[in-house]
Number of protein chains: 2
Amino acid sequence: MSKQNLQPYKGARDFYPEDKAFQKWMFGVWRDVVERYGYVEYDAPILEPTDIYLMKGSQEIVDEQTYTFEDRGGRSVTIRTEMTPTVSRMIAGRRQELAYPARWYSIPNLWRYERMQRGRLREFWQLNVDVFGLVGIEAELEMLQIVDDIFSAVKAKRSMYEIRVNSRVLVNTVLQQAGLRDEECASAIRLIDKMQKMSAADFAAKLDDLTGSKEKSKQIVEFLAAKDVTELDLFLTKLESASALKELIARAKQLGIRNVVFAPDLMRGFDYYTDIVFEVFDKNPENNRSMFGGGRYDGLVGQFGAEPVPTVGFGMGDVTFQNFLEVHKLVPELKSSVEVTVISPLTTGQEGIDLVAIARELREEDVNVAVDYTGRKFDKQIKAADKAGSRYVLIAGEDEAKSEQYTLKDMKTGKEEKHSLSRIISIVKDARKK
Amino acid sequence: MSKQNLQPYKGARDFYPEDKAFQKWMFGVWRDVVERYGYVEYDAPILEPTDIYLMKGSQEIVDEQTYTFEDRGGRSVTIRTEMTPTVSRMIAGRRQELAYPARWYSIPNLWRYERMQRGRLREFWQLNVDVFGLVGIEAELEMLQIVDDIFSAVKAKRSMYEIRVNSRVLVNTVLQQAGLRDEECASAIRLIDKMQKMSAADFAAKLDDLTGSKEKSKQIVEFLAAKDVTELDLFLTKLESASALKELIARAKQLGIRNVVFAPDLMRGFDYYTDIVFEVFDKNPENNRSMFGGGRYDGLVGQFGAEPVPTVGFGMGDVTFQNFLEVHKLVPELKSSVEVTVISPLTTGQEGIDLVAIARELREEDVNVAVDYTGRKFDKQIKAADKAGSRYVLIAGEDEAKSEQYTLKDMKTGKEEKHSLSRIISIVKDARKK
């Protein structure tokens, strides 16, 4: 085999032990927070029948952005690109038996065939959090609380990011009040979704094209310029659709989530969102971008032939979150799971030193113990243990075996002391708490 | 969408929360045991360049048993079928920087395109445990210890399964002593590998065909009939190749692993094994089959263009292990992660009851709390909480809110008592220890 075969598939990552330790820590934070809110974990196959991605207008995405192929039985299968269709399929499949509200989360591995750029790989992991069966804004509020708690769990300050919220129902009301017909509303939403990627003049020209009237455009632009949801009172005649959004923002602020802001131009790409949507933006100048988002999608479960189920959820990717942690210097120092490495100038069996027995005694007390077994020079054994991140090294030479007092070297401080095995067990367990 | 779309892809599994809870428990047992031996977790992409599976004689497997397709850039990619080529690629990629012995484990999701049968799905998960850099049988012994500890951790008795061991070096020595040439040895190994699937007469005829001599066949059959590794002393003239195997079995028995047996006909399918191999068999009459195995494969890392690295490892699948647990009635009762469900006749905001605030107080003390929020009838809320596996229900009605004494219903015993929130926190935490 040639050298290039040492690399993983392009756009995907190998997780060497130090990378995996970071991932485990991140997933652990996610799991702790969402379980605190009563969410239970589920999973599903990484391959799905392609059908479930073929919702209205999705053919293009399937054709261009997915790993789709025929299996040996001629069925079209797709490596999942997002979890929302899968979880909707699963809920629809047990629509009758499930208890509602159903709070579900998952951390699936997802693949998208796309150009690589910062925060985007072809392969990533995504925390998916969804609550099924709640119609009130308590569901949306809970999502904001969870987001807030996740950031708080990694010691991020609320000034580091903001949570932008909007309502699709509200946007539709505004567009209808401006006199747009249904198809025009859909086009306007798509245009507004791309607004941040074009100049103001360009946007204005395209909007005029679409509405065919400066007066109509003006109303829409006024709405898009609103900085606070309460401003809407000034120029909207029908206010009902704004009240849920107002209440959500007010209640989030009451809970201390001060970084929630009204963003009238926030649409979210996916067609399935039906009402309130939100997106979390990194405010660091080095990484000033949308990180992730979610919203209400009451119609998707119903598309699987079941009764519709009101649903609110969000998905948060590991790569973007890792970027956030890095630019804000929030990546913690992580410990290796190896607590003790037993080293010896002798291999087991020689001279009556039983390294297996020493390790077994520690393991029986739940200490994580590696044994070197190579019998090579001490300094090489110590160096290897250090490289592997072992917290302690236990030296078992002839003298130690005779006296049953083993040298324990603390790899953090470099200190060496002789102790009995039972004392060593206590020392190692105490070090866990630090 | 039609009804059939509610099913996952054929041969793959949806993990509803109760299934996922079982998987998490199983993976937790695996992780605890292997980390106790100093193994650290790694991972890699589920898609690999097809090349890494194209080792000698593997084209047929790739063609018939894998999910292989071309990506949009014309590269052939394969959904990984086993982790061994991947981990060998990763070790080869950092051959110089790594500390040895390197103890690595992973629990990858693997896919094989095969006929479905008991214990075999197209999609499964597999614990992979490998130690790199050890030449002595301490490595093999450690694998047997880990296997023994995994079974012990799920309360399996040693009488429920056995660990069969053999040595490829030993088999080759026997075949050479019988006068077989190298190609004939390889053919004989493949024949012996299939021995259990044919009649004795059929095997004898095929062996005679291969050796071309009754005398040669007799020596091989005598070896295959050996019940104990010490019997080999009687008819083998060169014993060195048996001594490592003898020592391994003796030392395993000293450690109490009494269910290790010598199995001269054990070959293991994969070509990459170079010396000692082992396989774990379920002894339950309902599930009397090989569950998993491993062995030494000193040559594989070297195939990636790096220096060879001595390696011993095994892989253990989730489906076969689950079957074992089921037939031996070792599946434990698992708790839901939901500890308390707050229910109320009122939705938040009404009548001054702040369900969010109650939940928050409990969550701040690390209690996992779901809130019903539907305001529907009490019995429906209690039923749903029970179905979701919630350990307790906290009832927050008007009276409770006024008195700040909330009714806590224990869903296991049915008992109801009024307590302050701080008392409720203590009760829930105490219940964790039971």
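Predicted model: local features only at pLDDT ≥ 70, side-chain atom pairs only at ≥ 80, totals over all residues.
Local features require pLDDT of at least 70 and side-chain atom pairs pLDDT 80 or more, whereas totals for chains, interfaces and linings use all residues. Residues are numbered from 1 along each chain as its sequence is written, with chains lettered from A and ligands numbered from 1 in the order in which they are written.

Contacts were counted between residues whose C-beta atoms, placed from the backbone, lie within 7 Å. By this criterion, 70 residues of chain A touch 70 residues of chain B. Several elements of chain A each supply at least two residues to this side, among them helix H1 (17-36), helix H3 (84-93) and strand S5 (102-106). Helices (H or I, at least four residues) and strands (E, at least two) are DSSP runs, numbered from the N terminus. H1(A) gives the most, with five residues. The side of chain A that touches chain B has 35 nonpolar, 15 polar and 20 charged residues. Here Ala, Val, Leu, Ile, Met, Phe, Trp, Tyr, Cys and Pro count as nonpolar, Asp, Glu, Lys and Arg as charged, and the others, Gly among them, as polar. Of the interface residues of chain A, 100% are also interface residues in chain B, so the copies meet through the same surface.

In chain B, three strands form an open antiparallel sheet in the order S2-S4-S3. Strands pair if DSSP finds at least two bridges between them. S2 (47-49) and S3 (68-70) of chain B stand at the edges with a single partner strand each, so one side of each lacks a neighbour in the sheet. S2(B) pairs with S4(B) (residues 76-79) over three bridges. Within S4(B), Thr78(B) stands opposite Glu48(B).

Strand S8(B) (residues 161-167) is mostly covered, with five of its seven residues buried. Buried means 20 or more other C-beta atoms within 10 Å of the residue's own, exposed 12 or fewer, and partly exposed in between, with C-beta atoms placed from the backbone. S8(B) pairs with S10(B) (residues 276-282) in the antiparallel sense over seven bridges. Three bridges join S8(B) to S9(B) (residues 260-262), and these run parallel. Ile163(B) stands opposite Val280(B) in S10(B), and its bridge partner in S9(B) is Val260(B).

Notes
Contact = placed C-beta atoms within 7 Å.
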